[in-house]
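Please look through the model below before reading on.

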Amino acid sequence: MPWRETNDPYAIWLSEIILQQTRVVQGMDYYMRFLNHWPTVEALAAADEAEVLREWQGLGYYSRARNLHKAAKQIVETGYGLPVTGDGGHLFPRTFDELRALPGVGDYTAGAIASFAYNLPYPAMDGNVYRVVARLLDIDEAFDTSAGKKLFHQKIETLLDRDNPRLFNSAIMEFGALYCTPVLGDACASCPLQAMCLGYAHGTAEVLPVRKPRPKVRDRWFTYTIYTDGTRTLIQRRENPKDIWYHLYEFPCEESQTEDKYPFTHVLSHQKLHARFIVRKVQKMPDIAGTLVIRWEDLNDYALSRLTLRALDTLRLTPQN
Ligand code: SF4
């Protein structure tokens, strides 16, 4: 992975934020594009939020992109006085606490940057690491609660190689990703850690780690109206910071309470969206508060929700139809 071959904290941070909730294959492309577009944190800080959101389009969880941009601005405004030794020589927070204070950076990301960029002795606990630690030490406490996280952090401190945290973190992550995987198969039989693995010894490895019960998924029904006069359409920006897709654009939308079957289903982490799109050909664009009249050819200049992109693709909408 290119982000494992650099000590540049900016590049590592970028990769970690992109890879949260994104598969490596998909994330790689975005990582390269972001680095090309904004090679330094200063360049990212100088970008428009709308531009950042547009580049992020398709990755989902847009709060990550907003936080990325906010954090870049914060870094440049704070002006951490110490130039780093990595590529570019630009400024970047250098301690775990400074990193942890950035928007969108939690314990995992701060630990990953601190160890991969600066070789500081902090664990970087992603899902793979939680699984390996739970199995090695036979921990049956849910790892995704605050008490569980605290316990796992205490436990991994006893394993962490303080002389080489960079190597330790990448080794345990890779071990979890490639070897001690969710479904074990016959991996344990030839595992080099078998002799010290309590989960293996107690026969519990396969059912570890334990998660807290999942919250109920909420169903929502959206009706989108796609107005077109042949050359133009109407879009609106989602303005509720507490709701999905904050500051992304879509066609005018009405939400209703129904249980009808709609042609599109879009699943998010805690919500299942049911959507339908109605095309309405008009001579004159209606005057709807909060909407923008734009030319069809300019649609790609706006950061659109993934559902909107899917609908455009499926319905093969062009100005003529
Ligand atoms: S013995 Fe099995 S469960 Fe234990 S670390 Fe190895 S692969 Fe994972």
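The buried residues of helix H8 pack against helix H9, helix H10 (165-178) and helix H11. Helices here are DSSP runs of H or I with at least four residues, strands are runs of E with at least two, and both are numbered from the N terminus. A residue is buried if 20 or more other C-beta atoms lie within 10 Å of its own, exposed if 12 or fewer do, and partly exposed in between, with C-beta atoms placed from the backbone. By that rule eight of the eleven residues of H8 are buried, and the helix is mostly covered. These residues are Val-129, Tyr-130, Arg-131, Val-132, Val-133, Ala-134, Arg-135 and Leu-136.

This is a predicted model, in which local features need pLDDT of at least 70 and side-chain atom pairs count only at pLDDT 80 or more, while totals for chains, interfaces and linings use all residues. Residue numbers start from 1 along each chain as its sequence is written.

Take the contact of H8 with H9 (residues 146-157). The two helices pack at an angle of about 70°, and their axes are 11 Å apart. An axis is a line fitted to C-alpha atoms, for helices over the stretch in contact, and angles run from 0 to 180 degrees between N-to-C directions. Angles under 35 degrees count as roughly parallel, over 145 as roughly antiparallel, 65 to 115 as roughly perpendicular, and the rest as oblique. H8 and H9 are therefore roughly perpendicular to each other. On the H8 side, Tyr-130, Val-133 and Leu-137 meet Phe-152, Lys-155 and Ile-156 of H9; two residues are in contact if their C-beta atoms, placed from the backbone, lie within 7 Å. Sorted by class, the residues in the contact of H8 with H9 are five nonpolar, no polar and one charged. Ala, Val, Leu, Ile, Met, Phe, Trp, Tyr, Cys and Pro count as nonpolar, Asp, Glu, Lys and Arg as charged, and the others, Gly among them, as polar.

How do H8 and H10 cross? Their axes come within 8 Å, and the crossing angle is roughly 85°. H8 and H10 are therefore roughly perpendicular to each other. Here Asn-128, Val-129, Arg-131 and Val-132 in H8 meet Ile-172, Met-173, Phe-175, Gly-176 and Ala-177 in H10. The contact of H8 with H10 has six nonpolar, two polar and one charged residues.

Which residues are closest to the ligand? There are 14 residues around it, and the closest are Cys-180, Cys-188, Cys-191, Cys-197 and Ala-205; a residue is near a molecule or strand if its C-beta atom, placed from the backbone, lies within 6 Å of it. H8 (127-137) and H11 (198-202) each supply at least two residues of this shell. The shell consists of eleven nonpolar, two polar and one charged residues.

Leaving aside neighbours within four places in sequence, Leu-14 is in contact with Tyr-31, Phe-34 and Leu-35.

Some backbone details remain. Most residues other than glycine have a negative phi, and most peptide bonds are trans. H8 is followed by Asp-138, whose phi is positive, near 50°. Tyr-61 also has a positive phi, about 45°, and lies in the loop between H4 and H5. Asn-119, with a positive phi of about 55°, lies in the loop between H7 and H8. Because it has 14 C-beta neighbours inside 10 Å, Asn-119 counts as partly exposed. A cis peptide bond, with omega about 5°, joins Leu-208 and Pro-209. Pro-209 is in the loop between H11 and strand S1 (218-228).

Finally, the whole chain: the protein chain has twelve helices and seven strands. Of its 321 residues, 29% are buried.
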